[in-house]
Amino acid sequence: MSLYEIALVIVGVAVLGTVALPRLLDNRPVSFPIVYVAFGILVFSLPLELPAPDPLAHGTIAEHLTEIGVIVALMGAGLKIDRPPGVKRWKTTWRLLGITMPLTIAAAAVLGWWAVGLSIPTAVLLGAVIAPTDPVLAADVQVDPPQKGESDEVRFALTSEAGLNDGLAFPFTYLAIAMATAGVGPDNWLLEWLAVDVGYKIVVGVAVGWVFGYALAKFVFQYPASTRLAKAMGGAEALAATLIAYGLTELAGGYGFIAVFVAAVAIRGFERDHEYHQELHDFAEVVERLVVAVLLVLFGGAIATGLFAPLTWQAALVGLALVLLVRPVAGLLGLVGYPPERNAIAFFGIRGIGSFYYLAYGVNNAEFDNSGIVWSIVGFAVLVSIVVHGVTAAPVMSDLGQEVPAPEATE
C-alpha cells in the first residue's frame, strides 16, 4: 500500500471530523481532542507501516508543527475576547500570570528533581514547558465568539491566561537552556537573562503586536471588501496577521507568541461593534481546528509508537500530580479571595500543544539529560488533561449556570 494515499485518507478523516464532531458531541461529556487522540492511536497501531511520529527523532518537525498550532490558536483566542484590556478588568488574569504560573513552574521543577531524579536544568525545563495553559485544547472553556457579550469570569480568565502565558513561559525555557549550556550558577546567566529574555523580548512582543494589530485593523475596517473576490476571502486577514506579527517579532528578537495574542486583542478593540469581527474569528477558528486535528492525530500516533516507553511509575505520578494537584493548588493560591469562581478556574489548567512546542524547542537548543523521560511525563500529563478536562468541561461549565457579570472596573 502507498503511504501517500494512506496519509491522504487519514488527513481527510481528520478534516471531516472537524465538521462532524461538533454536531455529534454537542452537550456530551466527550471533547473532540479525546476522539482525535484515540483515532491517532488506532491508526498508528494498525499494520500500515506508517513512520512513527517520534518527537525526539524528528525534533525540528515537532517544533514547527506545534509552533503553527499555537500561533493560530492564539489569534483565535484574542479575537474572541470582548472585554477591553485593563488593569482591573483583567485582574484575574494578572493573578494567574503573576502568582499561579511561577508557583506551577517551581512545583513542577521540584517534583521532577525530587521524584524522577532530573538534573536541575532538566527539572527547570519541565517546569517551564508544563506551565502554559493551552489555547488549543481549551475550546470548551473559552469565551464565546466576538459580540456575544462579555463572558463569565471563568471563561474569560482561562482564555486570557492561555493567550498570554504561552508567551510568558519562554523566559523560563530560556532559563533552562542557559543553565544547561552555561551552568547552574546564576553568575553565568542571570544579568543577560533578566535584561534580554525577561525584559527586551517581552517588551518587543507587546510593542510589535500592538502596533501591527492596530495598523492592520485600521486598514481592514477602513477599506472593507467590496468585490466578489475580496468577499470570498473574508476573514483571511486573521491568518495574515498571525503569520506577519509572529514573523516580524521573531526577526526583531521578541516573543512572537505574545505579539500574536496582543495583535489579536488590538484588532478586536478596533471598531468593536463591527460585524466583520465575526468573520475574522470564524476564519481563524477554521484554520485552528484543521491544524489541531492533524497535531492530535500525530500525538495519538506518538503514544501508539512508544512515547510512553520511558515512563516509570514515579514519572507517571508526577504527570498526574501536575494536572490534578499542582495546577489546582497553585490556581487557588493565586486567586485567594477573588473571584468566587476560583475553584473552576484553578481546576481547568489545560495542558496541550504549547507544552509540546516548548519541550521541542528546549531539547533542540541545548543538551538535556533524560529528555525521553521528560517527553513521556509531558505527554502523559497532556493525555490526562485531555481526558479529565475533556470529560468534565461540558458538565462543569453547564453547572456554573448563569454567566457572572463582568467586573465594573473602568481601567
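At what angle do helix 15 and helix 16 pack, and how far apart are their axes? The structure is a predicted model, in which local features need pLDDT of at least 70 and side-chain atom pairs count only at pLDDT 80 or more, while totals for chains, interfaces and linings use all residues. Residues are numbered from 1 along each chain as its sequence is written, and side-chain values use heavy atoms, with hydrogens and water left out.

Helix 15 (residues 353-365) packs against helix 16 (residues 371-399) at an angle of about 170°, and the two axes lie 10 Å apart. Axes are lines fitted to C-alpha atoms, for helices over the stretch in contact, with angles from 0 to 180 degrees between N-to-C directions. Helices are DSSP runs of H or I with at least four residues, numbered from the N terminus. Helix 15 is therefore roughly antiparallel to helix 16, a term applied to angles over 145 degrees. In the contact (heavy atoms within 4.5 Å), Ser355, Phe356, Leu359, Ala360 and Val363 of helix 15 meet Ser371, Val374, Trp375, Val378, Gly379 and Val382 of helix 16. Eight of these residues are nonpolar, three are polar and none is charged. Here Ala, Val, Leu, Ile, Met, Phe, Trp, Tyr, Cys and Pro count as nonpolar, Asp, Glu, Lys and Arg as charged, and the others, Gly among them, as polar.

From its first C-alpha to its last, helix 15 reaches 19 Å over 13 residues, close to the 18 Å expected at 1.5 Å a residue; the expected span is 1.5 Å times one less than the number of residues. Ten of the 13 residues of helix 15 are buried, that is, under 20% relative accessible area with a 1.4 Å probe, protein chains only. Among them are Tyr357, Tyr358 and Tyr361.

Five salt bridges are present in the structure, each defined by a side-chain nitrogen of Lys or Arg within 4 Å of a carboxyl oxygen of Asp or Glu. One of them joins arginine 83 to glutamate 153 (3.1 Å, N to O). Arginine 83 lies in the loop between helix 3 (59-80) and helix 4 (91-115) and glutamate 153 in helix 6 (residues 153-168), so this pair ties together parts 70 residues apart in sequence. Both residues, arginine 83 and glutamate 153, are buried. A salt bridge at 2.6 Å (N to O) connects glutamate 161 with arginine 327. Glutamate 161 in helix 6 and arginine 327 in helix 13 (residues 313-334) are 166 residues apart, and both are buried.

Terms used. Helices (H or I, at least four residues) and strands (E, at least two) are DSSP runs, numbered from the N terminus. Angles under 35 degrees count as roughly parallel, over 145 as roughly antiparallel, 65 to 115 as roughly perpendicular and the rest as oblique. Buried means under 20% relative accessible area, exposed over 50%, partly exposed in between (1.4 Å probe, protein chains only).
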